[in-house]
Every structure is written in C-alpha cells, then in structure tokens.
Amino acid sequence: MKRKLLYITLIIVILCTISLIVCNRTIKKHTSAQIYSEVITIPQNNVGLLLGTSPKLKNGNNNLYFDYRILAVIELYKAGKIKYILISGDNRREDYNEPEEMKKALMQKGIPEKSIYLDYAGFRTLDSVVRAKEVFGQNRLTIISQRFHNERAIYLAEKNGINAIGYNAKDVNAYSRLKTNIRELFARVKMFIDLATDKQPHFLGEKIIIGK
C-alpha cells in the first residue's frame, strides 16, 4: 500500500513538473516577438495598459516592481509611444488601491490627469486584459509590466482577440524575484486552465471610452 501511494505521488509530481515546463515554454515561445525592452524600437499604440501592484512591500519598504513600472510608463509617454494610460489593479479593500497609488505616482512625474484612466476591477491579470477590451474598448494595447508578467498578459490578450505588445519595466534583483518567479510558474498553469474553462472577469460593467 505504501509503495502504491509512493508511485502515485511520484506520478503526480512528474505530471505537475511537466505541466510547469510546457506552459512556461509555450508562453515564452508565442510572445517573444511581441516583447520590447528598448523604447526606441517599440511601435506606437494609443493606449498603454499598466498592470497594477502595491507601492509598498509588507515590511514597509518600497516595492521596486511598482517603481520600475512607473518609470517604464514615463519612458513610453515622453517618447510619444503611448497617448493614454489605463491603470488596472486591485481595489477590493478600502485601504488598498493600486490604481490610485499608481495614478498619484505618475502625476508626480508629470503625466497629466487627462491622460490617465483607472480600472478598479483588475483583480487578476485576466480581469485586466479582458476588461481593457470589453469595458474600455481597446483592441490594441501596449502592456507595461516586468517581462515575466508581460509574457503571460500578452498570451491572454491574443487569446481574447487583442493585438498586444509588451514593454518591459526593469526587473528586480535575482534574490528578490525568486519567490515571484516560482509563483509565476504556477500562475501560467492556472492561466491555461482559465482559458480552457473560459474563465471570465469578476466584473464587467458599463463601457468607458478612452480619449473622449
């Protein structure tokens, strides 16, 4: 009985490992041509979709993922590569508001308020991407986040009929991103499950027109 249980456990571990590898490689392969790290080479789009994160870590330190994404938006906007910024993030609690924090940070860097739109229901990357099309009417997007996040978001966008490219914000150091990278591997498997089951955003709502 113990040996049988051991074999079953081993098979499950092997299948999980294969799933992680296959999902990761599939996403990387299918999005490599849509990923940009230099502002001079990236094509122009009307709207940049900034994926939300918290400005602070749990220990109170600055969240470099947040800081670097803000800098990436500034680069694109000042270079004329995007005209409007759609900030999509989590606002499910009164004391936690990713879109508003990112908006404040962008305005402090000189981005005019009229160029910024907020999506408060970007609870997950899937929600952010699908709502950009279904609520904000965007079929073309420049997605702004770190490379690992951009890859998954672009894959989701393409599967939802959106022509998307990604601009990579600077990544954090290897030690800080280890936990994030491990979590990302499982998020990629979950993404394929969501696509297979036609998972939809938590909320949609009334249409919001960008630029009018």
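I looked up glutamine 146 and found a relative accessible area of 0%, so the residue is buried (under 20% relative accessible area; exposed is over 50%, partly exposed in between; 1.4 Å probe, protein chains only). The model is a predicted one, in which local features need pLDDT of at least 70 and side-chain atom pairs count only at pLDDT 80 or more, while totals for chains, interfaces and linings use all residues. Residues are numbered from 1 along each chain as its sequence is written, and side-chain values use heavy atoms, with hydrogens and water left out.

I placed glutamine 146 in the loop between strand 5 (140-145) and helix 5; helices (H or I, at least four residues) and strands (E, at least two) are DSSP runs, numbered from the N terminus. Setting aside neighbours within four places in sequence, I listed its contacts (heavy atoms within 4.5 Å) as Tyr65, Tyr68, Arg69, Asn168, Ala169, Lys170 and Asp171.

Rings of Phe, Tyr and Trp (its six-membered ring) pair if their centres lie within 6.5 Å; planes under 30 degrees apart count as stacked, over 60 as edge-to-face and the rest as tilted. For tyrosine 65 and phenylalanine 148 I noted ring centres 6.1 Å apart and planes at 85°, so this pair is edge-to-face. Tyrosine 65 lies in helix 2 and phenylalanine 148 in helix 5, 83 residues apart, so I recorded a link between distant parts of the chain. Both tyrosine 65 and phenylalanine 148 are buried.

I then took phenylalanine 123 and phenylalanine 203: with centres 5.9 Å apart and planes at 70°, the pair is edge-to-face. Phenylalanine 123 sits in the loop between strand 4 (116-119) and helix 4, and phenylalanine 203 in the segment after helix 6, 80 residues apart. Phenylalanine 123 is buried, with a relative accessible area of 18%.

I turned to strand 3 (residues 84-88), where 5 of its 5 residues are buried. Tyr84, Leu86 and Ser88 cover one side, Ile85 and Ile87 the other. Strand 2 (residues 47-51) pairs with strand 3 in the parallel sense over 5 bridges (DSSP must find at least two). Leucine 51 stands opposite serine 88.

I counted 38 lining residues, with Thr53, Asn63, Arg69, Thr180 and Arg183 nearest the centre. Helix 6 gives the largest share, 9 residues.

Technical notes: 1 Å grid on protein atoms, 1.4 Å probe; cavity = no way out; pocket = protein on both sides within 12 Å on 5 of 7 lines; lining within 4 Å.
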